[in-house]
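Colleague: Before we talk about this model, I would like each label in it set against its definition. Please show the structure.

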Amino acid sequence: LLHCTICRKKGDRMTLNDAFDLYQQLVLSSSSKRGITTEMGRWQHHIAPFLGNMPLDGVKNVQIMQLRKVLEEKSLSPQSVYHCLSLVRRVLRRAVEWELYAGPVPVFRMPKFDNRRLRFLSEAEAAYLLQNLSSRSELWHDITKFALYTGLRAGEIYGLMPYHVDIAIRSVKIYDTKNTLSRVIPLNDIALNIVEKYYRHSVQSLPLFNHNGELPAAHYKVFRCAIKACGFNRGIKDRRERVCFHTLRHTFASWLVQKGYPLAMVGTLLGHKDIKMTMRYAHLAPDQARQAVSALPCLEKSACWKYG
């Protein structure tokens, strides 16, 4: 049925909406439920109304630049505009790959933005947050502490299964990560104690951290209320400076860099694919470069012979 649909659409000058329908069936369907919802929303609300009914061979650079202007006039953030244009480009590239039209895929400028979060907690702030959470939820207190000492993303913690844990070698295996790279995370004494606590009462078919069979995400409000009670975001308008669960990951990395550990090692623990991702923390260790060049040998003192 899918093959017949493709043949019919090719003969009828396939539209961008048609190509997205196929993209949804063949590519998007294997994404997470959240990813599917997000991409569908971008298409239906922002892309389809402007370009959806246009034939594939009619989508040129100028049409995409007009779409960009429309999105910017909606006051969407540069990041949202970027994601919408990126989705259009991915659909067009797949359409060429599937020989639905000859191409070429238009080349166009993407908006530039710096959406990186740099905020991290001081040791005093982290202790204050844990103290607040201890009176609200033992589970969320432990998850928060575990995140601070492993640098794991929220989804990685939610998806951690008992059989991913190796207590003997003090580590956990992380699969299906954001960038598809699996990795093994060593556990210090604090993180290991938390894992052992939940492992003792775990069910192999359920996530390690769960509350009566429910994922912690169902009770994320507990963490959000603790952040509010601590006053970390009071008066903060810039979302990059606001404390959220992902701030715990930045805190883990920032503490390690401040302790003098190499950026490459920190990047490996975080599961970064590109060192550029880790370089955001370089400003936290300004003395490392100075210490490095100071360690170079003094050639005058080492000279014991003359050339020639």
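Modeller: A contact means heavy atoms within 4.5 Å. On that basis, residues 24 or more positions apart account for 65% of the contacts in the protein chain with a separation of 6 or more. This is a predicted model, in which local features need pLDDT of at least 70 and side-chain atom pairs count only at pLDDT 80 or more, while totals for chains, interfaces and linings use all residues. Residues are numbered from 1 along each chain as its sequence is written, and side-chain values use heavy atoms, with hydrogens and water left out.

Colleague: What makes a run of residues a helix or a strand, and how many of each does the protein chain have?

Modeller: Helices (H or I, at least four residues) and strands (E, at least two) are DSSP runs, numbered from the N terminus. By that rule the protein chain has 15 helices and three strands.

Colleague: How do you know that S1 and S2 pair?

Modeller: Two strands pair if DSSP finds at least two bridges between them. S1 and S2 (residues 171–174) have two bridges, in the antiparallel sense, so the pair meets the definition. Val 165 has Val 172 in S2 as its bridge partner. The open sheet of three strands runs in the order S1-S2-S3, with antiparallel pairing.

Colleague: Why are S1 and S3 called edge strands?

Modeller: S1 (165–166) and S3 (183–186) each have a single partner strand, so one side of each is left without a neighbour in the sheet.

Colleague: Which residues of H12 are buried, and why do you say that they line one face?

Modeller: Buried means under 20% relative accessible area and exposed over 50%, with partly exposed in between (1.4 Å probe, protein chains only). In H12 (residues 263–270), the buried residues are Leu 263, Val 266, Gly 267, Leu 269 and Leu 270. Seen down the axis of H12, they fall within an arc of 160°, so they line one face of the helix; the arc is that of the directions from the helix axis to the C-beta atoms. Ala 264 and Thr 268, on the other side of H12, are exposed.

Colleague: What do the buried residues of H12 pack against, and what follows the helix?

Modeller: They pack against S3, H11 (246–258) and H13 (275–278). Gly 271 follows H12, and its phi is positive, near 80°.

Colleague: How much of the protein chain counts as buried?

Modeller: Of its 308 residues, 40% count as buried.
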